Amino acid sequence: ATRPARVALLADHLDAVGATSSPVALTHRHVEGLTDLVAEVESTEPVLDHHGLGDLHQTVWRVGGDRAGRLAGLFAGVPTYITDGHHRMGAAAEWARRHGLAADDPRARVMVELFPDDQLRIEAFHRYVSDLGGHHVSDLLAALAPAFEVEADDGAEPAHGRFVLLVAGHRYRLTPREPVVGSALDRLDVSVLQHRLLAPVLGIDDPGTDTRLLALPGATGRHEVETRVAERGGLGVLLAPMRVGDLLDVADAGQSMPPKSSYLTPKPRSGVFLVER
């Protein structure tokens, strides 16, 4: 579900620059023996030990010789899942197609980073909507009542299966009245929010393009949502972070994640590695 124009633009960039410096992020389920092998590698001298801006500390070790072969063997047949960089992956495929490269051509390879699923940190994308969809606050709460149990609670916090609504200086806990059933995709909190609140109550049918809706990630995004509601009106919805297993279940079912579902952190900085095309 990538945007073709964005993919084409990034493929043009690869053509013009002739190199890529931003890896695509992948995750994978548990791989037996990986932790021990990584510990072996980390006992050697790193080739890079870098404290960059902020609190991100990046250390790089080179894996060579027997260890490289063992590492490749551990991942033989192991499925991997794209968690960040879908458009960069699409651009790499488009670039290879433009140049007539076979899949096994080294120039068609993609630079990636691999995160074990139990070491992956996902933060939520919170939602801000710039208006109330023509409702007064009391009408909005009434319109939510058939789908949600609405409870005023100034200390409410989001949890899986529960949202926090910010509107007109108040916080409300929203809990779906009916059990959430269906596919792995249907059971995601972002899907429940879309099908029970954003579309039917606020008229936001396409969250990927509606300019009234803004998705803001992590703790900084949460603060931004709270500030916007306080200063500009509209409403905010705070969500709990997605569970990694839910993301993998959606992929295993052959389905695509909704826009702005998950935010991975920390993100390794671009430019640590450079791969020429």
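**Close-up 1. Helix H6 is mostly covered.** Ten of the 14 residues in H6 are buried (under 20% relative accessible area, with exposed over 50% and partly exposed in between; 1.4 Å probe, protein chains only). Those buried residues are Asp189, Val190, Ser191, Val192, Leu193, Gln194, Leu197, Leu198, Val201 and Leu202. Helices (H or I, at least four residues) and strands (E, at least two) are DSSP runs numbered from the N terminus. This is a predicted model, where local features need pLDDT of at least 70, side-chain atom pairs count only at pLDDT 80 or more, and totals for chains, interfaces and linings use all residues. Residues are numbered from 1 along each chain as its sequence is written, and side-chain values use heavy atoms, leaving out hydrogens and water.

**Close-up 2. H6 has a kink centred on histidine 195.** The kink is about 30°, taken as the angle between axes fitted to the seven residues ending at a residue and the seven starting there.

Close-up 3. Of its 37 residues, Leu165, Leu202 and Leu235 touch the most other members.

**Close-up 4. Who's around leucine 165?** Setting aside neighbours within four places in sequence, leucine 165 is in contact (heavy atoms within 4.5 Å) with Leu141, Leu144, His170, Arg171, Tyr172, Leu174, Leu235, Gly236 and Val237. A second, separate core of eight residues includes Ala156, Leu216, Val229 and Leu238.

Definitions and conventions. A nonpolar core is a set of buried Ala, Val, Leu, Ile, Met, Phe, Trp, Tyr and Cys residues joined through side-chain atoms within 4.5 Å.
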